[in-house]
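Student: I am new to this structure. Can you show me how to read it, one feature at a time?

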Amino acid sequence: MSHHEKDPANVVRGLKAAIHNPNVSEEAKRRDMVRLQEMGASTTTTDAPAQHTRGAEGGKYNTETYVDADMNRVLAGYKPTIANPRTSENAKAHAEQVL
C-alpha cells in the first residue's frame, strides 16, 4: 500500500470518532453516517477493548505480561497518593491497604 492510499479501517475509525464528537456539526455527522453505510460499516461502536493480534515480533501478545504490567502501573499510582498532601485520609488509607 502506498502512502497515498488510506487504510479503510482507519477511515471508519475516524468517521465514527467524528460522529461521536460534540464539536462536529450535525450536518457533518449525517454525512459521515452516510459514508459509513456506503462503506458497509456499522454506525455504532462497541465498548469492548481493542483486540491486539500482533506483537513486536509478529506473534501473539502475551496477555499475562500485559496484565502484570498494567497491575504494576496501578500500584505505582497508589504510591504518590499516600504522600500527596491534597489527598483525603480515606484515599490514603485505601492506597495503603492496596499496597
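Student: Leaving aside its neighbours within four places in sequence, which residues is Asp 32 in contact with?

Tutor: This is a predicted model. In it, Asp 32 touches Leu 15, Ala 18 and Ile 19, once neighbours within four places in sequence are set aside. Asp 32 sits in helix H2.

Student: Where is Ala 17, and how far is Ala 17 from Asp 32 in space?

Tutor: Ala 17 belongs to helix H1. Ala 17 and Asp 32 are 15 residues apart in sequence, and their C-alpha atoms are 9.8 Å apart. Ala 17 is partly exposed, at 46% relative accessible area.

Student: Which residues of H1 are buried?

Tutor: Val 11, Val 12, Leu 15, Lys 16, Ala 18 and Ile 19. They cover an arc of only 160° around the axis, so they lie on the same side of H1. Their cover includes helix H2, residues 26–39.

Student: How do I check the length of helix H1?

Tutor: Count 1.5 Å a residue. The 13 residues of H1, 8–20, should then span 18 Å. The end C-alpha atoms are 19 Å apart, which agrees.

Student: Now charges. What is the general idea?

Tutor: Side chains of opposite charge can pair when their charged atoms come close.

Student: Is Asp 32 buried or exposed, and what is the nearest side chain of opposite charge?

Tutor: Asp 32 is buried, yet has no salt bridge. The nearest side chain of opposite charge is that of Arg 31, 4.7 Å away. A salt bridge needs nitrogen and oxygen within 4 Å.

Student: How many salt bridges are there?

Tutor: The count is three. Arg 31 forms one with Glu 27, with the closest N and O atoms 4.0 Å apart. These two are four residues apart in helix H2, which means about one helical turn between them. Glu 27 is exposed, at 54% relative accessibility.

Student: What does Lys 29 pair with?

Tutor: Lys 29 meets Glu 26 in a salt bridge, 3.8 Å from N to O. They are three residues apart in H2, so about one helical turn separates them. Lys 29 is buried, with 13% relative accessible area.

Student: And which residue pairs with Lys 92?

Tutor: Glu 89, with the closest N and O atoms 4.0 Å apart. Both lie in helix H4, residues 89–98, about one turn apart. Lys 92 counts as buried at 15% relative accessibility, whereas Glu 89 counts as exposed at 60%.

Student: What does the secondary structure come to overall?

Tutor: Four helices and zero strands. Buried residues make up 15% of the 99 residues.

Notes
Residues numbered from 1 in each chain as written. Predicted model: local features only at pLDDT ≥ 70, side-chain atom pairs only at ≥ 80, totals over all residues. Heavy atoms only, no water. Expected span 1.5 Å × (residues − 1). Buried < 20%, exposed > 50% of the residue type's maximum accessible area, 1.4 Å probe, protein only. Arc of directions from axis to C-beta. Contact = heavy atoms within 4.5 Å. Lys, Arg positive; Asp, Glu negative; His and termini not counted.
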